[in-house]
Amino acid sequence: MMNGKTILVVEDNAQNRELVSDLLVLAGVRVLMAEDAETALELATREVVDLVLMDVSLPRMDGLEATRQLKGDPATAQLPVVALTAHAMKGDRERILAAGCDGYLTKPIDTRGFSDAVARYLTGGSPPKPA
Ligand code: MN
């Protein structure tokens, strides 16, 4: 269901990066990876990307600032951004959505449901409204 799609995974933790990448590759996705926001912003403008999975907590520029920049650039404003966060408390959720993220997934990653959850943000071009 995600065959042929390209997803940019932005995650500074190598173990999480590998896990997310493995799960997406199994689902037929072409995966691009970035360890930091700066690299992610460059890749998002240089490559054709269908979706960004954005870790919130990154060194230097965090994932929320990177999302604001993506959403503020006409070249990438339409690109869906799904936050990856260890914190999904009420305030965090609001901060994530206020930054322009289309939704979020929580860590630790649920390996069984992960690719289906990501696919929901790709289908039909209109991501589900967060609850
Ligand atoms: Mn992190």
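Modeller: We begin with burial: a residue is buried under 20% relative accessible area, exposed over 50%, and partly exposed in between, using a 1.4 Å probe and protein chains only. Helices (H or I, at least four residues) and strands (E, at least two) are DSSP runs, numbered from the N terminus. This is a predicted model, in which local features need pLDDT of at least 70 and side-chain atom pairs count only at pLDDT 80 or more, while totals for chains, interfaces and linings use all residues. Residues are numbered from 1 along each chain as its sequence is written, and side-chain values use heavy atoms, with hydrogens and water left out.

Biologist: Which residues of helix 3 are buried?

Modeller: An α-helix has 3.6 residues a turn, so residues three or four places apart point the same way. In helix 3 (residues 63–72), the buried residues are Gly63, Leu64, Ala66, Thr67 and Leu70. They lie on the same side of helix 3, because they cover an arc of only 155° around the axis; the arc is that of the directions from the helix axis to the C-beta atoms.

Biologist: What covers the buried residues of helix 3?

Modeller: Their cover includes helix 2 (37–46), strand 3 (51–55), strand 4 (81–85) and helix 4 (90–98). Contact here means heavy atoms within 4.5 Å. At the N-terminal end, helix 3 is capped by Asp62, which places a side-chain oxygen 3.0 Å from the backbone nitrogen of Leu64.

Biologist: In what order do the strands form the sheet?

Modeller: Strands of a sheet pair through backbone hydrogen bonds, either parallel or antiparallel. Two strands count as paired if DSSP finds at least two bridges between them. Here 5 strands form an open sheet with parallel pairing, in the order 2-1-3-4-5. Strand 2 (30–34) and strand 5 (103–106) each have a single partner strand, so one side of each is left without a neighbour in the sheet. From one strand to the next, the twist averages 25°.

Biologist: How many bridges join strand 3 and strand 4?

Modeller: These strands pair in the parallel sense over 4 bridges. Asp55 has Leu84 of strand 4 as its bridge partner, and Leu53 stands opposite Val82. Helix 3 packs on the sheet, touching strand 3 and strand 4, and its direction makes about 155° with that of strand 3. Such angles run from 0 to 180 degrees between N-to-C directions, with axes being lines fitted to C-alpha atoms, for helices over the stretch in contact.

Biologist: Which residues of strand 4 are buried on each side?

Modeller: In a regular strand the side chains alternate between the two faces of the sheet. Val81, Ala83 and Thr85 are buried on one side of strand 4, and Val82 and Leu84 on the other. Thr85 has a relative accessible area of 3%. Leaving aside neighbours within four places in sequence, the contacts of Thr85 include Val56, Ile96, Tyr104 and Leu105.

Biologist: Which residues have the most contacts inside the largest nonpolar core?

Modeller: In soluble globular proteins, nonpolar side chains tend to be buried together. A nonpolar core is a set of buried Ala, Val, Leu, Ile, Met, Phe, Trp, Tyr and Cys residues joined through side-chain atoms within 4.5 Å. The largest has 24 residues, and Leu8, Val10, Val52, Met54 and Leu70 have the most contacts inside it. Helix 2 gives the most to this core, with 5 residues. Leu8 lies in strand 1 and has a relative accessible area of 1%. Beyond four places in sequence, Leu8 touches residues including Leu32, Ala44 and Val52.

Biologist: Which peptide bond is cis, and which residue has a positive phi although it is not a glycine?

Modeller: Most residues other than glycine have a negative phi, and most peptide bonds are trans. The bond from Lys107 to Pro108 is cis, with omega near 0°; Pro108 is in the loop between strand 5 and helix 5 (114–120). Arg60 has a positive phi of about 55°. Arg60 is placed in the loop between strand 3 and helix 3, and counts as exposed at 63% relative accessibility.

Notes: A polar contact is a pair of N or O atoms within 3.5 Å; within protein, one must be able to donate a hydrogen and the other to accept it, and residues adjacent in sequence count only if both atoms are side-chain atoms.
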